[in-house]
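Hello,

Here is the structure I promised to pass on. Please open it beside this email and follow along as you read.

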Amino acid sequence: MKYGIIVAMNYELASLGIPYQTIEKSHQTYYLFNDDIVLIYSGIGKVNASYKTSLLINDFHPDHIINLGSAGCTNSNVALLDINIADKCQYGDVDVTCDPKYAINQIPYEPKWFFNDLQMINFLTKLLSEKNLHVICKTAITVDSFVTKNNVHLFHELANHEVGSVDMESCAIAQVCHHHQIPYNCIKIISDNIHHPINHTEFEMNMSKIAKISKTILLTILNSILTIHNTSTNKN
């Protein structure tokens with residue numbers, strides 16, 4: 001089983017304490033933790049995310065892809081630093097409803113929702129809850145904008161109580177995985193909330209906390225996958 005991990009932030013991988021190998025391929029740097037795990041940085045926005053996901057798939061053919069990053073939120077019931085292990089992804093800035101065949105936020109000829117892998121949702125929820133992280137499981141919405149209380153009215157469905165996070169990459173990655181029939185999951189750490197008076201500065205204020213939590217999550221996932229790999233290898 002090969003896993004591809006896509007992260008938005010430039011983590012200090014050396015501090016994880018796990019050996020890895022750096023490989024240059026397709027003018028892109030990849031980080032290999034063994035034959036089963038490869039990590040790539042996505043950059044910001046839908047195009048960067050879909051481009052890097054396509055490179056990852058073409059170069060390493062992963063069986064499962066996980067996206068880890070930070071996200072804002074428009075749900076007053078979601079707290080800062082909550083972990084949204086999304087049940088599904090959708091866009092929040094698409095409108096082709098002039099054609100009655102399509103729902104709001106549905107790209108023509110595509111599903112509106114890209115559902116995340118349920119087995120991995122359950123596995124990750126248990127894994128991260130054991131680290132005393134507060135996990136929720138709600139919709140991840142993707143728009144190509146940083147959402148604040150001043151521009152939230154420009155987007156669709158962000159006020160839905162089922163929304164757990166709003167980011168700039170996850171649904172683009174999900175759509176690429178959908179076309180390649182690769183199971184996908186995304187994990188988003190809530191960095192800011194539009195219901196707070198200074199959400200436009202909360203992101204910067206919380207970045208050090210987000211980085212620490214991200215490293216904890218990444219290390220937990222890597223250790224878990226490596227343990228499964230080593231156990232399987234020893235049995236063989």
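**Aromatic rings**

Y20, Y31, F33 and Y41 make up one aromatic cluster. Keep in mind that this is a predicted model.

Y31 belongs to strand β3 and Y41 to strand β4 (residues 37–41), so the pair ties together parts that are 10 residues apart in sequence. Both Y31 and Y41 are buried.

How many aromatic pairs does the structure hold? There are five aromatic pairs. One of them joins Y30 and F60. This pair is edge-to-face, with 4.6 Å from centre to centre and 65 degrees between the planes. Y30 sits in strand β3 (residues 28–34) and F60 in helix α1 (residues 46–60), so the pair ties together parts that are 30 residues apart in sequence.

Are Y30 and F60 buried or exposed? Y30 has 0% relative accessibility, so Y30 counts as buried. F60 has 15% and also counts as buried, because the cut-off for buried is under 20%.

The charged end of K25 sits over the ring of F60, 5.1 Å from the ring centre.

**Helix α3**

Now turn to helix α3, which covers residues 170–180. Eight of its 11 residues are buried, so the helix is largely enclosed by the rest of the structure. The buried residues are S170, C171, A172, I173, A174, Q175, V176 and C177. After α3 comes Q181, which has a positive phi, near 55 degrees.

Look at C177 in this helix. Its relative accessibility is 1%, so C177 counts as buried. C177 and T53 are 124 residues apart in sequence. In space they are 8.0 Å apart, C-alpha to C-alpha.

**Cysteines**

How many disulfides does the structure hold? It holds zero. A disulfide needs two cysteine sulfur atoms within 2.5 Å. C98 is in no disulfide, and the nearest cysteine sulfur, that of C171, is 19 Å away. C186 is in no disulfide either. For C186 the nearest cysteine sulfur belongs to C89, at 3.8 Å.

Are C98 and C186 buried or exposed? C98 has 77% relative accessibility, so C98 counts as exposed. C186 has 0%, so C186 counts as buried.

**The largest pocket**

Last, find the largest pocket. It holds about 360 Å³ of space. Its lining has 21 residues. Nearest the centre of the pocket lie S70, F146, M168, E169 and F203.

Which strands supply at least two residues each to this lining? They are β5 (64–73), β11 (163–167) and β12 (184–193). β5 gives the most, with five residues.

The lining of the largest pocket is made of 12 nonpolar, six polar and three charged residues.

**Where to start**

Begin with Y30 and F60, the edge-to-face pair. Move on to K25, whose charged end sits over the F60 ring. Then trace α3, with eight of its 11 residues buried. Finish at the largest pocket, with S70 among the residues nearest its centre.

Best wishes

Terms used. Residues are numbered from 1 along each chain as its sequence is written. This is a predicted model: local features need pLDDT of at least 70, side-chain atom pairs count only at pLDDT 80 or more; totals for chains, interfaces and linings use all residues. Side-chain values use heavy atoms; hydrogens and water are left out. Buried means under 20% relative accessible area, exposed over 50%, partly exposed in between (1.4 Å probe, protein chains only). On a 1 Å grid over the protein atoms alone, a cavity is a set of points where a 1.4 Å probe fits but cannot get out, and a pocket is an open set with protein on both sides within 12 Å along at least five of seven lines; lining residues have an atom within 4 Å of a point. Grid points are joined across faces, edges and corners, and a volume is the space filled by probe spheres set on the points. Helices (H or I, at least four residues) and strands (E, at least two) are DSSP runs, numbered from the N terminus. Ala, Val, Leu, Ile, Met, Phe, Trp, Tyr, Cys and Pro count as nonpolar, Asp, Glu, Lys and Arg as charged, and the others, Gly among them, as polar. Rings of Phe, Tyr and Trp (its six-membered ring) pair if their centres lie within 6.5 Å; planes under 30 degrees apart count as stacked, over 60 as edge-to-face and the rest as tilted. A charge sits over a ring if NZ of Lys or CZ of Arg is within 6 Å of the ring centre and within 35 degrees of the ring normal.
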